[in-house]
Structures are given as structure tokens and as C-alpha cells.
There are 2 protein chains.
Amino acid sequence: MGDLPLVIEGEGRQRILAAAEKLFSDKAFDAVSMNAIALQAGISKANIYHYFPNKDALYLAVLRAASQSLRTLLNDAVDAHGVVVDVLRHFARCHLQALLDRPEWVRLVWREILEKGASRAQEFAEQGFADVFSALVAVLEAGQSRGELRVDFDPALVATLLLGANVFFFQSRDILRHYPHVTFADDPAGYDAGIVEILLRGLIPVSSVDTTSTR
Amino acid sequence: MGDLPLVIEGEGRQRILAAAEKLFSDKAFDAVSMNAIALQAGISKANIYHYFPNKDALYLAVLRAASQSLRTLLNDAVDAHGVVVDVLRHFARCHLQALLDRPEWVRLVWREILEKGASRAQEFAEQGFADVFSALVAVLEAGQSRGELRVDFDPALVATLLLGANVFFFQSRDILRHYPHVTFADDPAGYDAGIVEILLRGLIPVSSVDTTSTR
DNA sequence: GTCTATATTGCGATAGAC
DNA sequence: GTCTATCGCAATATAGAC
């Protein structure tokens, strides 16, 4: 009697989560009906209520899964080796790639931040980005203590600048594409390479840098 | 017969728009009821339908007004004088201040971009940010042709980096506040000053810059 | 122009058969 | 576990008095 496959553990639950993730990443909470989720998952609406007590619980489950998946994806960008400049290049590239690889997750998380504002901010700060942000700060601090980077800048500020550049690129691609000046909208790798290069060397020609002001 | 004041041109319409703007910036489209808008505006629900044919038309009117207001607000950041580095500092500061001064407008426009994706992207690209973006690119190009900035970087890329840093700061303030490393979450002016400083001078110490690779 | 009252639709959630 | 059928309710939108 035991040979029956028992199929996949929680197969129905997974189908529902996948369908809900897709729909919630496209539309806002209220714009996604339980009916639409059931349709997308290929099951009946009432069946969803067998697995989840209500719509809110389903949404939270989707959000939790997305947030966790994003984190594991980004963790690959953390452990890199070599000199600081190479680590930064690698980090930026992996981070942007992670965002572009799973746009649904990013949009889902970002929508939640926009919607709920400060109320859920702490939760996301701990769950979602904490380790990525801290890892980047650590990389920068290491570069400073090794003398590979200047010591008169705030590592957290540079980390924000770099992560923000990637997130903004992800968010604004469709808009940037319409500007004639922009040539990098479809070249994320080139974008990141350019960003890191500018961060490292600055915009001012070396010859005209006032070295006395750095003391 | 003409002395009657005619009161304010479209006063009722303005009240409705203001109320709708406030509510739509806090919640998503479906989460805002016409009843709530009427309550906020201090009029009856049916009266809204006297000025606007349906909920969708009202939302579009709000969006159009917000987008236009944002543009005029940001235009103040464009006209600055002096050497390029000072213009950049001024520009960054004004831009971020404009975002922080009218968070409802920014959130409204950004929510629309998130929701509709590429479909409305072109419209916003032209209406909302085109002139600000172009102005910043022009400033950078001027700096390059005057020899005040390096010539081996893409002005559009730097413009994206700078605008993105400000937008990301605006969007993520509540999250950044929870990180122990971050000291600038409540100091936008200091944030921008630091950003521009890094952009101009780079992260690498001047002494260790390989001047041969710049040719 | 502004209101009250109402028509109508679509939602989340439940009941109960299989 | 999965389904069909339905309840209760809140929402958009309309009708018509004043």
C-alpha cells in the first residue's frame, strides 16, 4: 500500500503560490482576485481556501517566498575574491543580473514597499537587503583599510549609491530606452562596468585634482 | 450683468482633484473608492460624476496634473551658473529637495510606472523627466568640452547614476534608517554632497591612479 | 450643481456534495 | 482535496428630486 507516489509534497500549494506570485507582481493586491488566481493555477477558487485561510495570508506567503528567493540569489554576489576593484565590479554585475533575472520578485517586493511605506520597512530591512548591504559595506571598508581606496568617504553612502544605481536602472529601463542619449538601456553589463569605473576614478581629470585639499 | 464673481474657475473640480491626488498617492487605484474621495473633498459622491465621466478619467486627470507639477518643480534645478562642479552640486540638491517636497506626486507617478510598465513609459519619458535628464546631460557635456571633466565617460550614464541615487534615496529612506551603518537617512543635503564629491573625485587615492591608462 | 436613493456588478468567503 | 453554488457585502455608476 505504500508504493503510491504521494506525488510532490504540497503540490497544490506550490501551484497556488506560483500563480499568485505571477499575478501579484503584475497588479496590486486589490486588483488581483481570488478567482483570477484560481484560474491561473488551474484549480477552483474554493480550493485555495483549503490551503490558505484568506487572501491576506496567501499574499504574505508569496511575499515571504519572494523575499527569501531574492536574498539567496543575491548572496552569490557577496563572496568574491581578489583586489577590491575587481570585487566591486563582480558585485555590481551579479547584483544587477539578479534583479533582471527575477523581475517578478523585485517588482513584488518593491510594490510592497511603496504600498505599506514605513510600516513594513523594518521587516524588509532585516529580511531582504540587510546582508547584501552589509556585505558591500564590508568590501568597501576592507578596501579602505588596505589602502586601495580613499579613506575620506562614507562606505554606507557608496553602497547606497551603487545599489541605487542598479535598482534605478532596473526600474527605469523602459523609460531610459526612449532617450536618444542613452545607449546602455539594453546593455546591463556595460552599464555596471561604466558605473564602477566612474565610482573608482571620478569625473575630474587627474591632472586638475587639487591634491592639497585632501591633506 | 457681468459683475457676478463667477467664483473660482472650476473650484469644485480642483477640490476633487486635490482629494483624489492625496488618496491615490497613498493607496493603489482599486483601494481608493469614489466614496472616500467624495468624503475627503467634502462633497457628495454623485457630484464627482458631474465633473468626471468615471473613475478612470479622474485618475488620469490626477496623474496628468501631478506629472506636470513635478516637471515645473524640477525645472528649478536646471538653471544654475558657475563652474561645472558647483552646478552639479546645486542640481543634485535641488532635485532631491524637489522629490522630498512633494512625496505624493513622486509616489503617484512611480506607482503608475510600476503598475503599467512599459505601456505608459514613453508618455512619462516625454512628459515627466525628459527635460531634466537632458539638462543634466548638457551640463556634463559642457564640463567635458571646457576641460573641467574627463572626456572618457558617458554623460547619459552619469546622469542616470545621479538621478538614480536621488530617487533611490527617496524611495528607500525608511529602510535605510534601520541600518546601523547609515548616518545620512535624515540628512538629504549631506547625502547629496557626499554623492557629488565621490562622483567628482572617485574612490581611488590620487597617488595610486594609473595615469598611463588614460592616455 | 448638488443631493438622496437605488440599480448593478464583482468581490471574498462559506456550505456542502463528491 | 476538489468541486459547484451561493451568501453577504462593498464598490461603481445611474436616476431623478431640489
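UniProt positions are given here in the numbering used for this model, with feature names shortened, and its annotations may be inferred rather than shown by experiment. With that in mind, the UniProt record, an unreviewed entry, puts a "domain: HTH tetR-type" at residues 10–70 of chain A.

Before going on, some ground rules: this is a predicted model, where local features need pLDDT of at least 70, side-chain atom pairs count only at pLDDT 80 or more, and totals for chains, interfaces and linings use all residues. Residues are numbered from 1 along each chain as its sequence is written, chains are lettered from A and ligands numbered from 1 in the order in which they are written, and side-chain values use heavy atoms, leaving out hydrogens and water.

Back to residues 10–70 of chain A: that span is 77% helix and 0% strand, and its end C-alpha atoms sit 22 Å apart. (Helices, H or I with at least four residues, and strands, E with at least two, are DSSP runs numbered from the N terminus.)

Now follow DNA strand C. A residue is near it if one of its heavy atoms lies within 4 Å. There are 14 residues around it, and Met34(A), Lys45(A), Lys55(A), Ser44(B) and Tyr51(B) come nearest.

One is 2.7 Å from a side-chain N or O atom of Tyr51(B), and one is 2.7 Å from a polar backbone atom of Ser44(B). Helix H3 (45–51) of chain A and helix H3 (45–51) of chain B are the elements giving two or more residues to this surface. H3(B) gives the most, with 4 residues.

Conventions:
A polar contact is a pair of N or O atoms within 3.5 Å; within protein, one must be able to donate a hydrogen and the other to accept it, and residues adjacent in sequence count only if both atoms are side-chain atoms.
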